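Here's a quick briefing to read with the model open in your viewer.

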Amino acid sequence: MSALVDGLARLEYRGYDSCGIAGLENGKIFLKKRPGKINQLREEIKNHLSDKLLLGILHTRWATHGKPNQANAHPHLDCHHDFAIAHNGIIENYLKLKDELIGAGHKFASETDTEVIVHLIEKFYKGSFEEALIKTVAKLEGSFAVAVISRYHPEKLIGARKGSPLIVGIGKNENFFASDIPALLPFTKKVIYLNDGEIAVLTRNNVNIFSFSAKPLKSRIEKVKLKAEDAQKKGYEHFMLKEINEQPEVLKKTFSLYCKNNKLNFPDLSFRPSYLKNIKKIFITACGTAYHAGYVAKYFLEQYCGVDAEIDTSSEFRYRKLNIKQGDLLITISQSGETADTLAAVREFRRKGGKALSICNVLGSSLVKESDGLIYTLAGPEIGVASTKAYTAQIFSLYLFALYLAGIKKSLTKNQIQATLNELSKIADYQKEILDKCVQVQRIANKFSKLGSFLFLGRGINYPSALEGALKLKEISYIPAEGYPAGEMKHGPIALIDEYRAVVCIAPRDNLYEKMVSNMQEVKARRGNVFGILNYGDKEASLLADEVIHIPHLKNQFLSPLLVAVALQLFAYYAAKHIGCDIDQPRNLAKSVTVE
Ligand code: M6R
């Protein structure tokens, strides 16, 4: 059982405001749950973590319905404590179901939507665990991945999936459910990714899968390529720092997979060249950091491929009245492949007849399953809630795709493509140079983190870098930070600037450099504290900056976001560390936002 708690701890990044465990002990359901982190739970249950507990479900929560307190933590029990359930997702019709169940005499112990599921199972149970779950899922609207145990069936663990990830792990004389691969890696690499509308029944030696309409289905066992160490800190103080440092390696791997002998090839792209050749418009959608990666891509897709590219956050995109023309392509970007809004955006776009290409870091994820084509990012498991290596892997993969598309469309010459590929192949080494400056960045971050708020300014392709720099800083250090296109500053945000504010100016020597220098002058004239991300050898902007991190100058100005990102990630990391924040698990957040 303590191994199961370790497994849960490997999923803590998915939510960490409360947690709990339910297991079968001496014919009864043992339940322990509490607000706070898994280590606190581990202490409380250490006397129960014996081998007497052979079957259990564990959950770590990111609150949707009801505060993160003991009552609302999962697992949840029915009235007679015959069943226990853990659930990810949202039951949209829970209020109606709850009223009906209360009317029929059921007693509720929490404010959660989840609890209706276990009371429905109790209501429908007439001796068959499977039948009770089938009848229950038929009543549920919304998204769910559930795992259920029952004291009537001490040999069975049963789960169902609709809209939230659920994976079966196949071990030796033991089987598992998990919502993500890292939890399974120490036990097994053999997995089945359940599809929506599927139920799985696990015993020690068997896995049976059937549909919500009770039709038996074949198991589709896949082998996971990741190693258990890939999801560990490997001596770093935080996952975030480890992941920042992994970026050069990730880019090297990506380059060698997708560019062999100077030829670009994407094995899972699945689009015919004739389709790609005629693309005129690309819609891009994603959330958070992935949205910023898409924003960077918008600039170079327009520049290299002669297409119109428009970008929107998925939460807005899914509700827009889109004017999709035949041949339009949607690019969606997601580390997890489980972000609810991004998935909904894909579904909506495809329903209207468009094709979707996903840039995704998790094979077997919902997004991968639901897209027409895939470019798999090779970032490896990203555990820190703040996305770092996934971001640069997304941008890098998209650069390679844009060059491939430009080749098909003949919007760039072979020489132009080759020159950009040459420079892309060197980015990993340039990133290393920036990583080597961590002591300098730490000193600047310590100094600047005392300031009350931050404005991140950039122009052109580094405007999204400014958005991403601000997001990174605010999400892990809680210092208010805004990203702005520098040219917009005098239309409002300049009012913020005084000697107590910090302004991060991203000003590599590109076609907008002179404009950035003017904006920096305006900041200095108002006594703002300037931290510049500038190229080596910079003269003018350096004179205006209180502190500078120098990054290599690139011939192709469109590639600089891959270097700027590293400097700003380190800056956010050290600022948060200086303040003493919980860097890998910042408050109120979860790694994967599987609800709308
Ligand atoms: O898994 P996804 O890439 O779809 O996640 C999208 C965002 O939730 C994610 O990038 C979030 O903004 C990160 N915490 C940012 O560091």
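Predicted model: local features only at pLDDT ≥ 70, side-chain atom pairs only at ≥ 80, totals over all residues.

- Strand E11 covers residues 198-202, and five of its five residues are buried, so the rest of the structure largely encloses it.
- In a regular strand, side chains alternate between the two faces of the sheet.
- Here, Glu198, Ala200 and Leu202 point one way from E11, while Ile199 and Val201 point the other way, and all are buried.
- That list includes Glu198, so a charged residue sits among the buried ones in E11.
- Strand E7 (residues 157-162) pairs with E11 in the antiparallel sense, over five bridges.
- If you want a pair to click on, Leu157 has Leu202 in E11 as its bridge partner.
- E11 also pairs with strand E12 (residues 207-211), again antiparallel and over five bridges.
- For that pairing, look up Glu198, whose bridge partner in E12 is Ser211.
- The link from E11 to E12 is a hairpin through four residues.

**The E2-E1-E3 sheet**

- Three strands make an open sheet in the order E2-E1-E3, and the pairing is antiparallel.
- Strand E2 (28-35) and strand E3 (56-61) are the edge strands, as each pairs on one side only.
- From one strand to the next, the twist averages 10°.
- Strand E1 (residues 18-25) runs antiparallel to E2, and eight bridges join them.
- One to find by eye: Gly20 has Lys33 as its bridge partner in E2.
- In the loop between E1 and E2 you'll find Asn26.
- Phi of Asn26 is near 50°, a positive value in a residue other than glycine.
- Is Asn26 buried or exposed? Asn26 is exposed, with a relative accessible area of 68%.

**Helices H7 and H13**

- Two packed helices are described by the angle between their axes and the distance between the axes.
- For helix H7 (residues 247-258) and helix H13 (residues 389-409), the axes come within 10 Å and cross at roughly 25°.
- That angle makes H7 roughly parallel to H13.
- The crossing of H7 past H13 is right-handed.
- On the H7 side, the contact is made by Gln247, Val250, Leu251, Thr254, Phe255 and Tyr258.
- Facing them from H13 are Lys389, Thr392, Ala393, Phe396, Ser397 and Leu400.
- Sorted by class, this contact of H7 with H13 has seven nonpolar, four polar and one charged residues.

**Tyr574**

- Tyr574 sits in helix H20 (residues 561-579).
- Tyr574 has 8% relative accessibility, so it counts as buried.
- Which residues does Tyr574 touch, leaving aside those up to four places away in sequence? They are Leu241, Cys438, Val441, Gln442, Ala445 and Asn446.
- Tyr574 and Ile476 are 98 residues apart in sequence, with 10.0 Å between them in space, C-alpha to C-alpha.

**Backbone spots to check**

- The peptide bond from His74 to Pro75 is cis, with omega near -5°.
- Pro75 lies in the loop between E3 and strand E4 (76-77).
- Lys234 is another residue other than glycine with a positive phi, near 50°.
- You'll find Lys234 in the loop between strand E14 (222-223) and helix H6 (239-245).

How values were computed:
Residues numbered from 1 in each chain as written. Heavy atoms only, no water. Axes fitted to C-alpha atoms, helices over the stretch in contact; angles between N-to-C directions. Helix = DSSP H or I, 4+ residues; strand = E, 2+ residues; numbered from the N terminus. Parallel < 35°, antiparallel > 145°, perpendicular 65-115°, else oblique. Left-handed = near helix turned anticlockwise from the far one by under 90°. Contact = heavy atoms within 4.5 Å. Buried < 20%, exposed > 50% of the residue type's maximum accessible area, 1.4 Å probe, protein only. Pairing = 2+ DSSP bridges.
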